[in-house]
Amino acid sequence: MTELTKTGVTRRALLGAFAATTLAAAPTYSNAAGFLRGAGDIRRLKMVSSRTGEQIDTIYWIEGEYIKDAVQEISYFMRDWRLDAVKNIDIRTIDIMAAAHALVDTTEPYKMLSGYRSSKTNAMLRSRSRNVARKSLHITGQAADLRLSSRSVSQLSKAAQSCRAGGVGRYYRSNFVHMDCGDLRSWNG
């Protein structure tokens, strides 16, 4: 995202432009574990939300440092859209999402189905589906439900599992993958 002020380009936009030019020179990662340990120079997240019509394409980490404004932008994007409630999304979840996206080697943005959910929203969804956990990590801002039309649930879940950094749920019938930074586990929904 490029931001302009009355005087020109903002610091964040300059950092983003710099990082975008280094993308082509960034090394290819053979596994996500190295990526999560900080082996890369930048981390980027691209998503769309059909619920709100919003899109995000942001570099949130450069050379070992998180960009506070970008992380806040991701948290706002992943808000509970039903109540317009925002919660800080756990950095570990953001890193898992970015690493899995890099591993499936696509420029297509994630379609985010669910990020943060308030307790009220979670209870409502739970009343409609047996697949919604009572103590869902969505409530604590530690989970996301994502889809890529160019990749299968199996491909995306394998990428997320290779991060060995949290839970991965495969929902074949609904065509999405749940990623979280909780205990290491996997399941079919």
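Predicted model: local features only at pLDDT ≥ 70, side-chain atom pairs only at ≥ 80, totals over all residues.
- Along the chain, serine 154 and tyrosine 171 are 17 residues apart, and their C-alpha atoms are separated by 9.4 Å.
- Which residues of H6 are buried? They are Val153, Leu156, Ser157, Ala159 and Ala160.
- Looking down the axis of H6, you would find these buried residues within an arc of 155 degrees, so they line one face of the helix.
- Leaving aside residues up to four places away in sequence, serine 157 touches Val168, Arg170 and Val177.

- Helix H5 covers residues 119-128, and its buried residues are Thr121, Asn122 and Leu125.
- Seen down the axis of H5, those buried residues fall within an arc of 100 degrees, so they line one face of the helix.
- What sits on the face of H5 turned away from the buried side? That face carries the exposed residues Lys120 and Ser127.

**Serine 114 in strand S6**

- Strand S6 spans residues 110-114, and serine 114 lies in it.
- Is serine 114 buried or exposed? Serine 114 is buried, because its relative accessible area is 11% and buried means under 20%.
- Serine 114 touches His138, Ala143, Ala144 and Asp145, if residues up to four places away in sequence are not counted.
- One of these, histidine 138, is 24 residues from serine 114 along the chain, and the C-alpha atoms of the two are separated by 7.9 Å.
- The side chain of serine 114 also makes a polar contact with the side chain of arginine 117, at 3.0 Å.

**Rings that pair up**

- How many aromatic pairs does the structure hold? There are two.
- Tyrosine 60 and tyrosine 66 form a stacked pair, with 6.1 Å centre to centre and 20 degrees between the planes.
- Tyrosine 60 counts as buried at 0% relative accessibility, whereas tyrosine 66 is partly exposed with a relative accessible area of 36%.
- Tyrosine 171 and phenylalanine 176 form a stacked pair too, with 4.5 Å centre to centre and 10 degrees between the planes.
- In this pair, tyrosine 171 counts as buried at 10% relative accessibility, and phenylalanine 176 counts as buried at 13%.

**Arginines over rings**

- The charged end of arginine 43 sits over the ring of tryptophan 61, at 3.9 Å from the ring's centre.
- Arginine 79 lies over the face of tyrosine 76, at 4.1 Å from the ring centre.

- As background, most residues other than glycine have a negative phi.
- Where does arginine 164 lie? Arginine 164 is in the loop between helix H6 (153-162) and strand S8 (167-171).
- Just after H6, then, arginine 164 takes a positive phi of about 45 degrees.
- Arginine 164 is exposed, because its relative accessible area is 61% and exposed means over 50%.
- Asparagine 175 has a positive phi of about 60 degrees although it is not a glycine.
- The loop between S8 and strand S9 (176-180) is where asparagine 175 is found, and at 32% relative accessibility asparagine 175 counts as partly exposed.

Notes
Residues numbered from 1 in each chain as written. Heavy atoms only, no water. Helix = DSSP H or I, 4+ residues; strand = E, 2+ residues; numbered from the N terminus. Buried < 20%, exposed > 50% of the residue type's maximum accessible area, 1.4 Å probe, protein only. Arc of directions from axis to C-beta. Phe/Tyr/Trp six-rings, centres within 6.5 Å; stacked < 30°, edge-to-face > 60°. Lys NZ or Arg CZ within 6 Å of the ring centre and 35° of its normal. Contact = heavy atoms within 4.5 Å. Polar contact = N/O pair within 3.5 Å; in protein donor to acceptor, adjacent residues only side chain to side chain.
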